[in-house]
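I opened this notebook to record what I looked up in the structure, going from the whole chain to single residues. The entries follow the order of the look-ups.

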Amino acid sequence: MAQDTRTAVFIVDDNAMTRTLLRMMIQGEQYQVVGEAGTAEQALERMKAIRPAIVCLDVRLPDVDGLELLRRIRAILPACAILMVTACNDRGTVETAMRDGANGFILKPFNPGTVLDALNQVAAALGGAKPPDQ
């Protein structure tokens with residue numbers, strides 16, 4: 001069986017519909033959604049085993065603030081790229097997230113183009129997936 005060369009993506013969002021939409025937009029020839037979680041606790045346990053290349057992380061979670069989870073993910077998976085998913089583009093949140101290691105943002109409401117653009121940017125920075133037609 002051939003090895004899967006798609007970039008592994010993990011989704012963390014407390015809203016099941018948001019996770020489903022992201023999965024449908026991401027899953028394809030270039031990216032593989034390898035896991036998802038609705039809480040920080042579930043996310044950390046699953047990510048330790050899966051070790052994804054990219055995490056799409058909601059800023060607001062029910063058990064731990066998304067910015068705190070960002071710091072925890074950075075500690076256990078330093079090479080992982082993290083895209084914050086948020087409806088809030090408040091400057092303080094953006095600055096804190098970038099200072100703490102976020103690689104970019106996906107702003108809600110999102111569409112397939114903006115999601116894939118953000119993924120392609122961080123994947124290229126990781127040296128992984130190349131933008132289509134290259």
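**Entry 1: surface.** I took accessible areas from the Shrake-Rupley method with a 1.4 Å probe, and for residues only the protein chains shown count as cover. On that basis, the chain exposes about 7,100 Å², of which carbon and sulfur atoms supply 52%.

**Entry 2: conventions.** I note that this is a predicted model, in which local features need pLDDT of at least 70 and side-chain atom pairs count only at pLDDT 80 or more, while totals for chains, interfaces and linings use all residues. Residues are numbered from 1 along each chain as its sequence is written, and side-chain values use heavy atoms, with hydrogens and water left out.

**Entry 3: fold elements.** I counted helices (H or I, at least four residues) and strands (E, at least two) as DSSP runs, numbered from the N terminus. The chain has 5 helices and 5 strands, and along the sequence they follow the pattern β-α-β-α-β-α-β-α-β-α.

**Entry 4: overall dimensions.** I took the radius of gyration over C-alpha atoms and the globule rule as 2.2 Å times the number of residues to the power 0.38. For 134 residues a compact globule would have a radius near 14 Å, and the chain agrees because it has 14 Å. The C-alpha atoms fill a box of roughly 40 × 30 × 30 Å along the principal axes.

**Entry 5: burial and contacts.** I used "buried" for under 20% relative accessible area, "exposed" for over 50% and "partly exposed" for values in between (1.4 Å probe, protein chains only). Buried residues make up 44% of the 134 residues. A contact means heavy atoms within 4.5 Å. Of the contacts with a separation of 6 or more, 63% are accounted for by residues 24 or more positions apart.

**Entry 6: charges.** I counted Lys and Arg as positive and Asp and Glu as negative, leaving out His and the chain ends. Each charge was placed at NZ of Lys, CZ of Arg, CG of Asp or CD of Glu. The chain has 14 positive and 16 negative side chains, and the centres of the two sets lie 3 Å apart.

**Entry 7: nonpolar cores.** I defined a nonpolar core as a set of buried Ala, Val, Leu, Ile, Met, Phe, Trp, Tyr and Cys residues joined through side-chain atoms within 4.5 Å. Which members of the largest core touch the most other members? They are Val 12, Val 55, Leu 57, Leu 69, Ile 73 and Met 84, out of 22 residues. Strand 1 (7–12), helix 2 (40–50), strand 3 (54–58), helix 3 (66–76) and strand 4 (81–86) each supply at least two residues of this core. A second, separate core of 19 residues includes Leu 22, Tyr 31, Ile 54 and Ile 106.

**Entry 8: Ile 73.** I found Ile 73 in helix 3. Ile 73 counts as buried because its relative accessible area is 0%. Beyond four places in sequence, its contacts are Leu 44, Met 47, Val 55, Leu 57, Pro 78 and Ile 82. Ile 73 and Leu 44 are 29 residues apart in sequence and 7.2 Å apart in space, C-alpha to C-alpha.

**Entry 9: Cys 56.** Cys 56 lies in strand 3. Cys 56 is buried, since its relative accessibility is 0%. Leaving aside residues up to four places away, Cys 56 touches, among others, Val 9, Val 12, Ile 26, Leu 83, Ile 106 and Leu 119.

Entry 10: Thr 18 lies in helix 1 (residues 16–26). Thr 18 is buried because its relative accessibility is 12%. Apart from neighbours within four places, Thr 18 is in contact with Asp 13, Lys 108 and Phe 110. I then checked the peptide bond from Lys 108 to Pro 109, which is cis, with omega near -5°. Pro 109 lies in the loop between strand 5 (104–107) and helix 5 (112–126).

**Entry 11: Arg 51.** Is Arg 51 buried or exposed? Arg 51 is exposed because its relative accessible area is 52%. I located Arg 51 in the loop between helix 2 and strand 3. Arg 51 has a positive phi of about 55° although it is not a glycine.
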